[in-house]
Amino acid sequence: MTSRLIPLSALLLGSLFLLIAGGINGLILPLRGSIEGFSAFSLGLLGTGWAAGYVFGCLYTPLLVSRVGHIRVFGTLAALAAIAILLSAMFPTPWTWIPLRAVSGFCFAGTAMIVESWLNEEVDSSIRGRVFGTYTMINLVGTTGGQLVLIGADVSTAWFFMLAAIFYCLALIPTTISSNRAPSPLFEVKLNVPQLWRNSPVAVFAVLMIGISNGSFAALAPVYGNNIGLDVTTIVLFCSLPILAGAMSQIPVGRMSDRSDRRKVLVFLALAAAAADAAFIFMRPDSGSANLLIGALLGAAIFAMYPIVVAHANDHADPGQFIQTSGGLLMVFGIGSIAGPFIAGIALTAFGPAALFSTLLVAHVLIILFAMLRIWRREQVDSEDKASFQTVPFARNSTPETEVLADRDNQP
């Protein structure tokens, strides 16, 4: 297996650098913005801007690549991402950061899609699952590693803005000098919500709510931590540990869903998430250890929901529709990620830090109610008709090309 991965090492290394840069970029902005006195609403709009740019990047990068090629688009987008974070350091105001964050989202989606299309071109069915697993691990290590760089840091300086720009530029080197042949045209996702709804209403509704809750938490968890007086190290851990907990919970949760009705597993996860939300709202923890413990419980639940929903939708999809179904759900998730930080930012500004988790609680309760309604109205899929559960990268770091790389129909 190692010998098969060596030719892909340049692409995997480029992806690692991109994700480290993204991890730094996504955390330094709300931390520095809080120091600059930005409102919670404007900091929430950073998450909305990123998600909007990400959705447009997924939709329009295939058109750009078809016109000028993979390497030129990749180089342009990586350079733009570096410029955007440097401009953020030069002009620390909300109304410059929000559009610049949208540029970052667009660039991330585009560069990730290009790297993933290269990987997809280089693998065959015999190693696809292992390559995807390796890529998933790199996704996790890069994102959390970029965040952990800020432990104990002085975020009042421009140093971490420059560091993120350096990693964006480093991502150019292994990818542009790679000897791998240019891949095929990128997969163009087509968002057909009526078809997705006919296939699985609970998947469409749940993934929209998951986008709202996860997008809100990702964008505003640092703001919450800063507002209740946590130090920078604890805030970094508060953002990173839930992701790690979610990654670890995917395997046992996935096995549980293979043996039972996936909707019931989704309800179980939503109940656990709602319990964590309620703990933040009513207990108002102010110590670092309490916030980290409850945050890890929340992350174990919310970051395992998305793959359960994707698996459930594909249980009901026609054979050969894995990519179209998963790609469509990813776009619905993106739409939820646009709305979530906007709503949570308003709530946090108006009612204080705990209002972030009120937004999450509403989303999770709605998932529970709708999933229970669908359990009552529709029988579960027979065990022999289920596809095996598959772990997926952190949804905010996934693109339609991720679904192509993970294509179950091409795995042995």
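Is Arg284 buried or exposed? I started there, and the rest of my notes on this predicted model follow as numbered points.

1. Arg284 counts as exposed, because its relative accessibility is 56% and the cut-off for that class is over 50%. The residue sits in the loop between H12 and H13. Its backbone is worth a look too: Arg284 has a positive phi of about 50°, although it is not a glycine. For context, most residues other than glycine have a negative phi.

2. On to the helices on either side of that loop. Two packed helices are described by the angle between their axes and the distance between the axes. For H12 and helix H13 (residues 288-316), the angle is about 155° and the axes are 8 Å apart. That makes H12 roughly antiparallel to H13, since angles over 145 degrees fall in that class. The crossing of these two helices, H12 and H13, is left-handed.

3. With helix H15 (residues 355-377), H12 packs at about 155°, and the axes are 9 Å apart. H12 is therefore roughly antiparallel to H15, and it passes H15 in a left-handed crossing.

4. What about helix H11 (residues 232-259)? Its axis and that of H12 come within 10 Å and cross at roughly 155°, so H11 and H12 are roughly antiparallel to each other. The handedness to note here is right-handed, as H11 passes H12.

5. H3 covers residues 40-68, and at 1.5 Å a residue its 29 residues should span 42 Å; the end C-alpha atoms are 40 Å apart, which agrees. Even so, H3 bends by about 40° at Tyr60, and a proline, Pro62, follows within four residues. Just after H3 comes Gly69, with a positive phi of about 100°.

6. Which residue lies 8.6 Å from Phe74, C-alpha to C-alpha? That is Cys107, which is 33 residues away in sequence.

7. Now for the aromatic rings: the structure holds 18 aromatic pairs. One of them is Trp50 with Tyr54, a stacked pair at 5.5 Å centre to centre, with 10° between the planes. Why are these two separated by about one helical turn? Because they are four residues apart in helix H3. An α-helix has 3.6 residues a turn, so residues three or four places apart point the same way. Trp50 is buried, and so is Tyr54.

8. Another pair, Tyr224 and Phe280, is edge-to-face, at 5.8 Å centre to centre and with 80° between the planes. This pair links distant parts of the chain: Tyr224 is in helix H10 (residues 201-227) and Phe280 is in helix H12 (residues 262-283), 56 residues apart. Tyr224 counts as buried because its relative accessibility is 3%. Phe280 is buried as well, with a relative accessible area of 1%.

9. Which residues do ring pairs link into a cluster? Tyr224 and Phe280 belong to it, together with Phe217, Phe238 and Phe357.

10. Last, a contact across the sequence. Ile35 lies in helix H2 (residues 9-35). At 48% relative accessibility, Ile35 counts as partly exposed, because the exposed class begins over 50%. Ile35 and Asn226 are 191 residues apart in sequence, while their C-alpha atoms are 8.9 Å apart in space.

Methods
Residues are numbered from 1 along each chain as its sequence is written. This is a predicted model: local features need pLDDT of at least 70, side-chain atom pairs count only at pLDDT 80 or more; totals for chains, interfaces and linings use all residues. Side-chain values use heavy atoms; hydrogens and water are left out. The expected span of a helix is 1.5 Å times one less than its number of residues. The bend at a residue is the angle between axes fitted to the seven residues ending there and the seven starting there. Rings of Phe, Tyr and Trp (its six-membered ring) pair if their centres lie within 6.5 Å; planes under 30 degrees apart count as stacked, over 60 as edge-to-face and the rest as tilted. Buried means under 20% relative accessible area, exposed over 50%, partly exposed in between (1.4 Å probe, protein chains only). Axes are lines fitted to C-alpha atoms, for helices over the stretch in contact, and angles run from 0 to 180 degrees between N-to-C directions. Angles under 35 degrees count as roughly parallel, over 145 as roughly antiparallel, 65 to 115 as roughly perpendicular and the rest as oblique. A crossing is left-handed if the near helix is turned anticlockwise from the far one by less than a right angle, and right-handed if clockwise.
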